[in-house]
Amino acid sequence: MAHKQMYAIIDIETTGGLAKRDKITEIGIVLHNGNQAIRTYQTLIHPERSIPPEITRITGITDEMVADAPRFYEVAKDIVEWTEGAIFVAHNVRFDYSFIKEEFKRLGYTFSRRQMCTVRLARQHFPGLPSYSLGQLIRYFDIQVQARHRALDDALATAEIFDMIIKGNDNEIQRQQIIRSGVKESALPKGITLDTLSTIPESYGVYYFYNTYGQIIYIGKSINIRKRVLQHFKLTSRKAERLAQMVHSIEAVETGSELIALLLESKEIKKWSPEINRAQKSKEYPFAIYSYYDMHGYINFSCNKLGYRKGLNGILLNRFSSKENGQRQLISMVKKWELCPAKCGLTESNRPCMMHAMGNCHGACTGKEDPDVYNERALMAKTNMNKMFDDDFFIRLPGRNISEMGFVLVKEGEYRGFGYIDVDVCDLSKEHLLDHISNFDPTPDANSIVYNWIAKNPGCHIIYC
């Protein structure tokens, strides 16, 4: 008789929304054999820190309730045994899974289970609903729950939703198609299996390819991490062949939004300098393009060492890893906006430029072209080159799950970091948001990413501070 697949349907309560910072306060597990729930497990967990008031308001779990509860290491063996050989099922599975994985990581162990997300499955099997949050599904399907936001009660509700889904897919092959991609295992790198791929989320995020020595050899980002990873192994390019030969393991980090995925990818490439990545490896940006007005009223541009501002009103527009890169952009602007090379620091400014002699400069270098007329084009070029910001602000973004929001910080003209905060927290003050921001050193690449993203998303939610 074939072994029946088991499912561990799990819900946790935590002190907050960030797995690397916050801790688990309660866990509930419903063991399901594919036909019905057969056993349950529940325990409070001492988080070894105080529980924020807003979390207590949502869950009802207080510091007093967990004072005598076991620490995570005391229940870790139970969790291993209850989930061994089972598929890890949860509503927004990456949230629950990431916390449990992080708790085991703190203990020096690797927790790895195949995963199934009832949010994603509910969208597939019950299309057209206004929301797929657990609370909304409970109301929609009239599921009886004694205590919302308590681990076992929410796990039991998730089990009922899981029942509705799984019983609509009696064919075991269809079940496997839910949790596995259709790529052939023979096409994957050695050490990468279909089970490995089933743990990769289908959401915004960053992924890391490691070699056999544990070194990061490639970092990428995608709006659908699993789909992008599979594409790497379906391509026939030279890069794809190198990856297939070198990749030994894969790690994925969800970000909740494309913008944070772009920013995290840029930061990580600079930090680790993976050998297969080419772009965004520069870590030093000692040169900058400045704009200023000369004594005749013309807007001028120059590429100089950072800190050297030619003219009385020099304004920094962007930074570069080399003077050549900065001058390359100035040359591009000269061609695009028909600017004078002498006014862009590309030729001597005290004589007519070569382009004027060839008839391709309107004569700003000789005073022939009126400054106001010339400056109309120069202002367009300045706007095009400017990657600095005039205001301090946060960009509000979706979180990694329905329980949180993401934020990106721009301060003193440049991108400074990102973070996450619980949706139920009403305090969106500057001070409170700053407490949840991971600060990063500003770079021109990150500034360009934010600048371009805002331009493509003019309706994005900006909070000025």
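Arg 113 counts as buried in this predicted model, with a relative accessibility of 12%. Its side chain meets that of Glu 84 in a salt bridge, with an N to O distance of 3.5 Å. Glu 84 sits in the loop between helix 3 (72–83) and strand 4 (86–90), and Arg 113 in the loop between helix 4 (93–106) and strand 5 (115–117), so this contact ties together parts that are 29 residues apart in sequence. The Glu 84 end of the pair is exposed, at a relative accessible area of 54%.

A second pair worth a look brings together the side chains of Glu 26 and Arg 150, which form a salt bridge at 2.8 Å, N to O. Here Glu 26 belongs to strand 2, while Arg 150 lies in the loop between helix 6 (134–140) and helix 7 (151–166), so parts that are 124 residues apart in sequence are tied together. Glu 26 is buried, its relative accessibility being 2%.

Lys 23 and Glu 48 supply a further example, their side chains meeting in a salt bridge of 3.8 Å from N to O. This pair links distant parts of the chain, 25 residues apart: Lys 23 is found in the loop between strand 1 (6–14) and strand 2 (24–32), and Glu 48 in the loop between strand 3 (37–44) and helix 1 (53–59). Lys 23 has a relative accessible area of 9% and is therefore buried, the cut-off being under 20%.

Conventions. Residues numbered from 1 in each chain as written. Predicted model: local features only at pLDDT ≥ 70, side-chain atom pairs only at ≥ 80, totals over all residues. Heavy atoms only, no water. Salt bridge = Lys/Arg side-chain N within 4 Å of Asp/Glu carboxyl O. Helix = DSSP H or I, 4+ residues; strand = E, 2+ residues; numbered from the N terminus. Buried < 20%, exposed > 50% of the residue type's maximum accessible area, 1.4 Å probe, protein only.
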